[in-house]
Amino acid sequence: MADPAGSATVTVLRSLRAYGLIVRMWTRAALAYPASFWMTTFGNMAASVMDFVVIAVIFLHTGALGGWTLPQVAFLYGTSGITLGLADLLVGSMDQLGVRVRDGSIDTVLVRPVPALAQLAADRFALRRLGRVVQSGAVLGWSLAHLGLAWTPEKLLVMVSLVLCGTVIFGAVFVGGSAFQFFVADAAEVQNSFTYGGATMLQYPPTVFAKDIVRGTVYGVPLAFVNWLPALYVLGRSDPLGLPGWFRFAAPLAALACVAAAGLLWRAGIRSYRSTGS
Amino acid sequence: MYAAVCARSFRRYATYRAATWARVVTNTAFGFIIAYTYQALWQVRPHLGGYDLSAALTYVWIGQAMFAFIAVGGQGALDDLQNRITNGDVAVDLFRPVDLQGWWLSVDLGRAGYQLFANGLVPMLTGALCFHLRLPQGGAVQEAGVWAAFALSLALAAVVSFALRYLVALTAFWLLDVRGVQLVYYLFCSFFGGFFLPITLFPPLLEGLAGVLPFVAVFQVPADLFLQRYDAPGALAALGVQLAWAVVLLGAGRLVQGRAVLKVVVQGG
């Protein structure tokens, strides 16, 4: 390895290329049955609408929840749904890793001359998951129309960074959670508490939750950087925890830290894997 | 024999310890999230829908404790039946000298019993430690009565939930891919069963609709019995409604099964 940086770049490029090819294959396969594809896409949409119906029913009884109004909560709902939806679309299939460890099909993945991470992330790529993204996007659009925000270039930048970094943070949680299944193959459900549970939590204002729980999402699994902290800036609200002001802009740092942690977990997982050899 | 099937099914689910713990963690985590949102809502509107704060929080944790028991999020043991219908193995089952519905009811009750024990206790105790929950009140006799009614109601809820999921599974005879039906079932059962929010919080039209659908018999009725929202005759009537739904839905399952079996014979001939 004369040039480790160069070889790392080659690996990344090869991974992306393989990912793209596998994604195209699964998408073509799904679109071969268009009726089924559209039905499952709308089904996904309907399933995520239910979360918002619950929020709507809550707001039938109150004008504010934890001091936040309906358009403000809809902002949290929309951004949480879009980022989780995109991460689920890009790498969500990885939660099947435990099944593959149990039935041994992971061996096939590991002997192929393509990085395992790219293969598993693209495995059974499901375009229908866009259903959640589209529905959350609609709610976010409704929210922005009713918030009457005074847009500045800074706010626009924070919005773009929110969607990108939020997706990366959720994606890292998917990868890290999957790597955990190398150690405990049956524990796919634990990952759900962080991904789907986390996304449900981020739909509600941080003021609803106990301060220690919110601290956990800042310093523990940093989900607060997905939308809570950037939302404080975009919506011009004060911080219930009294964190340093720059935390509202620190989502890219949190995303980087998440990617690094997920990468380490993934390598540890792959190294610890012992095939049954049968 | 059905008792033996039930016991084996209990043991089968007890084998997957890591999966059980993973689910307990998830149920507890969701319990916290929902409990905090309820708390925020009930602080603004105490006694909303006829529940005080501690009743509302108890409602949340009963829901988390029953989530796996009534298999709202999946098909429970009927996943296997569904697969056997899709790949044709069900033809072998029909040769066997046992009743198909009775067999799967035993399998699913074994699963439900295990889930109530494994996934019910830990979330409930965690909830009781962290929040002020409401236990049955009003003297030893009355408390014993509530617990007995609750236990009976849980058993009926398990049967109604089975009967509904059996109908969902049987649609595989016609549709082969039942994921769509399953999703619709999940949405209806969790929303109209009062799983997301008590149905008394719904707008009047939706509340009326929920009241005449069978899904309340799966969750809202047992929870309300535990929270003593019925007087003695009311409690008996509520149990009667659950029993009626169990009979009607099991009957519907038999009817559909009869039609479905004919279809198998035609295909196999």
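For the views below, Ala, Val, Leu, Ile, Met, Phe, Trp, Tyr, Cys and Pro count as nonpolar, Asp, Glu, Lys and Arg as charged, and the others, Gly among them, as polar.

Figure 1. The structure shown is a predicted model, and it holds three cavities of 30 Å³ or more.

**Figure 2. Lining of the largest cavity.** Residues that line the largest cavity include A:Pro206, A:Val214, A:Val218, A:Ala224, A:Trp228, A:Leu229 and A:Leu232, and also among them are A:Asp239, A:Pro240, A:Leu241 and A:Leu243. The elements that give two or more residues to this lining are α11 (211–220) and α12 (228–234) of chain A, and α12(A) gives the most, with three residues. By class, the lining of the largest cavity has ten nonpolar residues, no polar residues and one charged residue.

**Figure 3. Lining of the second largest cavity.** In chain B, the second largest cavity is lined by B:Ile34, B:Tyr38, B:Tyr59, B:Val60, B:Gly63, B:Gln64, B:Phe195 and B:Phe219. At least two residues of this lining come from each of α2 (17–44) and α3 (53–66) of chain B, and the element that gives the most is α3(B), with four residues. Sorted by class, the lining of the second largest cavity has six nonpolar and two polar residues, and no charged residues.

Methods. Residues numbered from 1 in each chain as written. Chains lettered and ligands numbered in written order. Predicted model: local features only at pLDDT ≥ 70, side-chain atom pairs only at ≥ 80, totals over all residues. Heavy atoms only, no water. 1 Å grid on protein atoms, 1.4 Å probe; cavity = no way out; pocket = protein on both sides within 12 Å on 5 of 7 lines; lining within 4 Å. Points joined across faces, edges and corners; volume = space filled by probe spheres on them.
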